[in-house]
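Notebook open, structure loaded. I want to go through the rings, then a helix, then a few side chains.

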Amino acid sequence: MGLVAQERVDAARNRAAILAAAADLFDREGTETVSMSDIAEAAGVGKGTVFRRFGDRTALIEAVLQPRVNALSQCVEHGPPPLGPGASPADAMRSYLDALLDFVVANRALIRALEHRGPNAYYANASSRYWIAELTRRIAAARPEEDADYLAHVLFTALRADVVDYLMTAREMSLQRVRAGLHQIAGV
């Protein structure tokens, strides 16, 4: 009995170490240059342990990103206005766009690694469906005369990490300019 409990503690410790190492390496160096061996070494585990815990690189990237997604969704659902409930529709919409843009900028290496996994991957994952549904709801409240579903998808496309990264790096647009453009498209 004691041996099983010890294995569970070790497994939890290894998972936490792998996630911390992966998050640190991905944030510092990007996802393209960091290998699973690099992550294993930084976590103090074998490469096989990384693959057993996460299966593949995509699952590891998703696992690193998920707590960040959860933190933002908690702010959206339970935080103070204007991001959380209780703000005017226009303020809530503007705050939500700002939060999504800031989230993309902060996590763009991770998001970019997931955007091109397959047809509709950017739109079909659970997090994106949540962000789009909330965006649709806020648009409908702020601009009831508009096609909220269409506009939500257009705005969400403008928030793709590859688009934001291109605008900020290749086109040298400031974050403020990108933010102002989103507000203009949204009409808030």
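This is a predicted model: local features need pLDDT of at least 70, side-chain atom pairs count only at pLDDT 80 or more; totals for chains, interfaces and linings use all residues.

**Rings**

I looked for aromatic pairs and found that the structure holds five of them.

Next I checked Y130 against W131. That pair is edge-to-face: 5.1 Å centre to centre, 70° between the planes.

W131 comes out at 5% relative accessibility, so I count W131 as buried.

I found the charged end of R160 over the ring of Y122, 4.8 Å from the ring centre.

**Helix α4**

How far apart are the end C-alpha atoms of α4? I get 32 Å for this helix, residues 57–78. With 22 residues at 1.5 Å a residue, the span should be 32 Å, so the two agree.

I then looked for a bend in α4. There is one of about 30° at L65, and a proline, P67, follows within four residues.

At the N-terminal end of α4 I found D56 as the cap. A side-chain oxygen of D56 lies 3.3 Å from the backbone nitrogen of T58.

I also listed the buried residues of α4: L60, I61, A63, V64, L65, V69, L72, S73 and V76. L65, where I placed the bend, is on that list. A reminder for reading such a list: an α-helix has 3.6 residues a turn, so residues three or four places apart point the same way.

**S95**

Last stop, a serine in helix α5, namely S95. I get a relative accessible area of 15% for S95, so this serine is buried.

Which residues does S95 touch, leaving aside its neighbours within four places in sequence? I found P82 and L83 in contact with S95. For L83 I also noted a polar contact: its backbone nitrogen lies 3.3 Å from a polar atom of the S95 side chain.

Key:
Residues are numbered from 1 along each chain as its sequence is written. Side-chain values use heavy atoms; hydrogens and water are left out. Helices (H or I, at least four residues) and strands (E, at least two) are DSSP runs, numbered from the N terminus. The expected span of a helix is 1.5 Å times one less than its number of residues. The bend at a residue is the angle between axes fitted to the seven residues ending there and the seven starting there. Buried means under 20% relative accessible area, exposed over 50%, partly exposed in between (1.4 Å probe, protein chains only). A polar contact is a pair of N or O atoms within 3.5 Å; within protein, one must be able to donate a hydrogen and the other to accept it, and residues adjacent in sequence count only if both atoms are side-chain atoms. Rings of Phe, Tyr and Trp (its six-membered ring) pair if their centres lie within 6.5 Å; planes under 30 degrees apart count as stacked, over 60 as edge-to-face and the rest as tilted. A charge sits over a ring if NZ of Lys or CZ of Arg is within 6 Å of the ring centre and within 35 degrees of the ring normal. Contact means heavy atoms within 4.5 Å.
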